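This report concerns side-chain packing and pairing in one protein model. The sequence and structure are shown first.

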Amino acid sequence: MKNVSLILGLVIVCACTSTDRSFSDGMEVIPVKVDHPTKDPASFLEKIELVPLETNDSSLTSIGSKVVYDKEDNLFAIFSKSAVYTFTGEGRYIGNSKKRIGQGPQEYSFVVDMNYNPYLKGIDFLNPYGTVYTYSPAFEFISQRKFQPESVVNHLMALDADHDIFLPGEFSEVLFADRKTRQITPIPYEGTISGGNGLSSQNNLFHIGDDAYFVPSGLNYYLYRIDAKEKKLVPIIYLDFGKYEVKEEDLSGSAGGKRTDSDEMRRKLSEDVQVRRKYVKSNCVVPMLKLFSDEYVYVYFVKKNMGMGSHFIYNRKKRKSALLEEEAPFSMYPGFALADNVLFALCEPDWIERVTDRKLMSAEEIRKMEELKEDDNPVVVKYYLK
């Protein structure tokens with residue numbers, strides 16, 4: 001395993017602009033309307049439900065750095081402070097991974113990501129050097145597999161029973177990993193205009209049914225299907241921000257770097273990345289979070305790093321969209337998962353009044369909200385989309 005200090009640079013990517021981009025057959029282009037807020041949330045929201053997560057001495061957690069939801073097994077998993085906490089879809093506490101922290105053969109000492117593995121019916125924990133530990137939702141040990149990526153990795157997902165996919169820290173590429181041969185194949189992808197401009201909690205890799213998908217972090221307007229057999233990314237959706245689209249030729253610096261053995265070149269490329277990242281964050285409309293299902297696309301974006309941000313929702317079948325801005329008439333909370341027509345968010349109890357609308361809640365849901373205590377566990381908010 002190569003030392004972290006020997007990481008090979010970054011990856012230069014070619015951004016597609018509104019003036020010269022071309023779309024392959026079947027590409028779905030979605031116009032993101034930034035300037036036309038929807039005044040009545042009932043026009044795009046059917047209802048709002050709450051799932052308070054059970055609170056006890058063992059289950060007490062915070063929102064954490066990542067939350068995943070598995071529809072098939074109706075399971076929530078929260079990654080918080082090096083431990084993972086699991087709950088049923090109804091909010092009942094299952095367990096946490098603290099008992100698995102250690103130096104033993106079935107224990108982990110440091111992880112950077114977790115994801116649900118539907119093929120092993122467990123939760124994968126990723127070590128930055130390529131070791132993956134898998135535990136059941138109750139944290140019984142299932143398996144351990146080791147890979148040797150050339151650099152540290154920080155995201156993972158099981159593609160099928162024989163393959164995994166990883167994301168390196170600063171590379172605009174994905175890594176296809178074969179579990180049997182332990183061979184890793186790096187595949188670059190295009191479209192990133194600026195890296196690092198997004199929410200760290202973005203779930204970049206996920207399944208919809210039998211298919212796998214990839215959503216790049218940072219300023220990238222493409223959403224990809226993962227072709228595990230051919231080891232490639234297929235762009236399937238383009239988010240068209242119209243006049244607010246950021247164009248490569250208008251920016252200084254670079255989106256990323258290229259593979260190089262030169263320390264000086266790596267330093268210069270890293271500086272260029274930071275220059276562009278800072279400019280984009282302060283001057284542009286930036287999609288911070290992107291989710292999609294077979295029925296909907298959801299984008300959480302900010303304008304020039306101001307305010308709480310706006311929520312764009314697009315019905316792919318009806319080809320209709322809605323935009324909810326801050327405090328108009330309430331502040332939606334950024335989602336972490338989108339399953340069918342349900343957008344899931346995780347919010348602290350004292351914020352629930354701000355991120356919901358009583359007009360869209362039943363008497364039972366209002367009762368749940370009113371019974372919440374400030375020191376309770378976070379609450380899952382379920383926004384049902386029309």
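The sections below treat the basis of the model, its nonpolar cores, its aromatic rings and its salt bridges.

## Basis of the model

The model is predicted, and local features require pLDDT of at least 70, side-chain atom pairs count only at pLDDT 80 or more, and totals for chains, interfaces and linings use all residues. Residues are numbered from 1 along each chain as its sequence is written, and side-chain values use heavy atoms, without hydrogens and water.

## Nonpolar cores

A nonpolar core is a set of buried Ala, Val, Leu, Ile, Met, Phe, Trp, Tyr and Cys residues joined through side-chain atoms within 4.5 Å. Buried denotes under 20% relative accessible area, exposed over 50%, and partly exposed in between (1.4 Å probe, protein chains only). The largest core contains 76 residues, of which I226, F292 and Y383 touch the most other members. Strand β22 (residues 296-303) supplies the largest share of this core, seven residues; strands (E, at least two residues) and helices (H or I, at least four) are DSSP runs numbered from the N terminus. A second, separate core of 33 residues includes F125, Y135, L346 and V380.

Beyond its neighbours within four places in sequence, Y383 has contacts (heavy atoms within 4.5 Å) that include L45, F330, M332 and V355.

## Aromatic rings

The whole structure holds 24 aromatic pairs. Rings of Phe, Tyr and Trp (its six-membered ring) pair if their centres lie within 6.5 Å; planes under 30 degrees apart are stacked, over 60 edge-to-face, and the rest tilted. F147 and F166 form an edge-to-face pair, with 5.3 Å between centres and 65° between planes. F147 lies in the loop between β10 (141-146) and β11 (153-158), and F166 in strand β12 (residues 163-168), 19 residues apart. F147 is buried at 3% relative accessibility, as is F166 at 2%.

R182 lies over the face of F147, 5.5 Å from the ring centre; the criterion is NZ of Lys or CZ of Arg within 6 Å of the ring centre and within 35 degrees of the ring normal.

## Salt bridges

There are 17 salt bridges, each a side-chain nitrogen of Lys or Arg within 4 Å of a carboxyl oxygen of Asp or Glu. K121 pairs with E72, the closest N and O atoms being 3.3 Å apart. Because K121 lies in the loop between β7 (113-117) and β8 (122-126) and E72 in the loop between β3 (66-70) and β4 (75-80), the pair ties together parts 49 residues apart in sequence. K121 is partly exposed at 36%, whereas E72 is exposed at 63%. K121 also forms a salt bridge with D73 (3.5 Å, N to O).
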